[in-house]
Amino acid sequence: MRDLLSREVKTSELLRALIVVGPMVAAYFISRETALLNLGLVAVSLLIPALRQHFPPKVVAWHYLAILVTFAALFLAAPVKPLFVVLTALAGFLAVAGTRYGEHFRTLGNWVFIPAVYLACEVREGVSAEEAIRHAGVIIASSPIALALVGAVQIYDQRQRGDAATSFGPPAADWFLPAAATAMAVFAAAALVEIFNLAQGQWVMWSAASVVVGDLTASTGKLKQRAIGAFVGAPFGFLAGLALPQSRVGYAIAILAATLTLISFSRYVVGFGLRCFFIALAASFAGGAIGIAEERIVNVLIGGTFGLIAVALTEIVWLRVMRKTRSPG
């Protein structure tokens, strides 16, 4: 069992994630302010590329500003549905297009897009405009705490290692194709969410972007992993929640666990499956679990399908363009 856990769990990253996300949960217990739980996503989104690419605090600070600006733009655009759809697709394009200047920009771009889109949808879900604005304001006003905690972890690590990154890796030669595919997938996903007012629509947009990881074979593999995780994790989380009473403590711990799954597991399918489990469990603790497992599965599949279609279309168009440029006369 110990060997299995050592292979599956990234203990070092898990501990660091607890350091930066744990205080948000503690603050929630004291203040009962749910926006502080959402702030945990900002913290872990800053931490993931910082740890994996060994970025210095200056890069972490720029990353932080990019998250806040993107979140604010999407949040303010949300009442104007066509504008929100276009800006979300643009955010997806830019998340990948940065690889033109270095392949490690993909990691940074992903972890700008994910928290910005998720929070822009989450803070408006089921509340009045005034409450949504207050919620967003709390996140932005308290976000320097997340930046300070991640910066402290990075400074400590770099004093131990002394290996802060000095570059963002080699530029990606074929950056435009995946960037265009991501924009197409996110545009279609966001349009569907806005037209039909889908609940938890951020899952559709997130899934659409996350599936675009390379060619059609790689993207299909990524969707399979997400589908397995959703089909297994969400129903088990729902069933576990049926056996437990509603609880604010349980809700906070489940949200903390779901956030930690973003960074703590070696295999993507394990981390995603547990994330679906804890999200469904959190909904049960909050008294809103009806349909949550089904929503999670359906939204993951819809978003992933948009991603696959976008990858296939861009590959077909690109192949035709290449054939024309190579054909004589």
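Trainee: Which residues of helix 5 are buried?

Mentor: In this predicted model, the buried residues of helix 5 are F84, V85, T88, A89, A91, G92, A95, V96 and A97, and they pack against helix 4, helix 6 (105-122), helix 8 (176-196) and helix 9 (202-210).

Trainee: How do you know that helix 5 reaches about the span expected at 1.5 Å a residue?

Mentor: Helix 5 has 17 residues, and the distance from its first C-alpha to its last is 24 Å. The expected span is 1.5 Å times one less than the number of residues, which for helix 5 gives 24 Å, so the computed reach is close to the expected one.

Trainee: Why are helix 4 and helix 5 called roughly antiparallel?

Mentor: Helix 4 (residues 57-77) and helix 5 (residues 81-97) pack at an angle of about 155°, with their axes 8 Å apart. Angles over 145 degrees count as roughly antiparallel, and helix 4 and helix 5 are therefore described in that way.

Trainee: Which residues make that contact, and how are they divided by class?

Mentor: Helix 4 contributes T70, A73, L74 and A77, while helix 5 contributes K81, L83, F84, L87, T88 and A91. By class, this contact has 7 nonpolar, 2 polar and 1 charged residues.

Trainee: What is the phi value of H54, and what is that of Q200?

Mentor: Phi of H54 is near 55°, a positive value in a residue other than glycine. For Q200, phi is likewise near 55°, again positive in a residue that is not glycine.

Trainee: Which residues touch the most other members of the largest nonpolar core?

Mentor: Of the 74 residues in that core, L47, F71, F113 and M205 touch the most other members. The largest share of the core, 13 residues, comes from helix 3 (residues 35-53). Another core, of 7 residues, lies apart from it, and includes A230, A234, I297 and V300.

Trainee: What is F71 in contact with, leaving aside its neighbours within four places in sequence?

Mentor: With those neighbours set aside, F71 is in contact with A116, L119, A120, V123, A136, I139 and I140. In soluble globular proteins, nonpolar side chains tend to be buried together.

Key. Residues are numbered from 1 along each chain as its sequence is written. This is a predicted model: local features need pLDDT of at least 70, side-chain atom pairs count only at pLDDT 80 or more; totals for chains, interfaces and linings use all residues. Side-chain values use heavy atoms; hydrogens and water are left out. A nonpolar core is a set of buried Ala, Val, Leu, Ile, Met, Phe, Trp, Tyr and Cys residues joined through side-chain atoms within 4.5 Å. Buried means under 20% relative accessible area, exposed over 50%, partly exposed in between (1.4 Å probe, protein chains only). Helices (H or I, at least four residues) and strands (E, at least two) are DSSP runs, numbered from the N terminus. Contact means heavy atoms within 4.5 Å. Axes are lines fitted to C-alpha atoms, for helices over the stretch in contact, and angles run from 0 to 180 degrees between N-to-C directions. Angles under 35 degrees count as roughly parallel, over 145 as roughly antiparallel, 65 to 115 as roughly perpendicular and the rest as oblique. Ala, Val, Leu, Ile, Met, Phe, Trp, Tyr, Cys and Pro count as nonpolar, Asp, Glu, Lys and Arg as charged, and the others, Gly among them, as polar.
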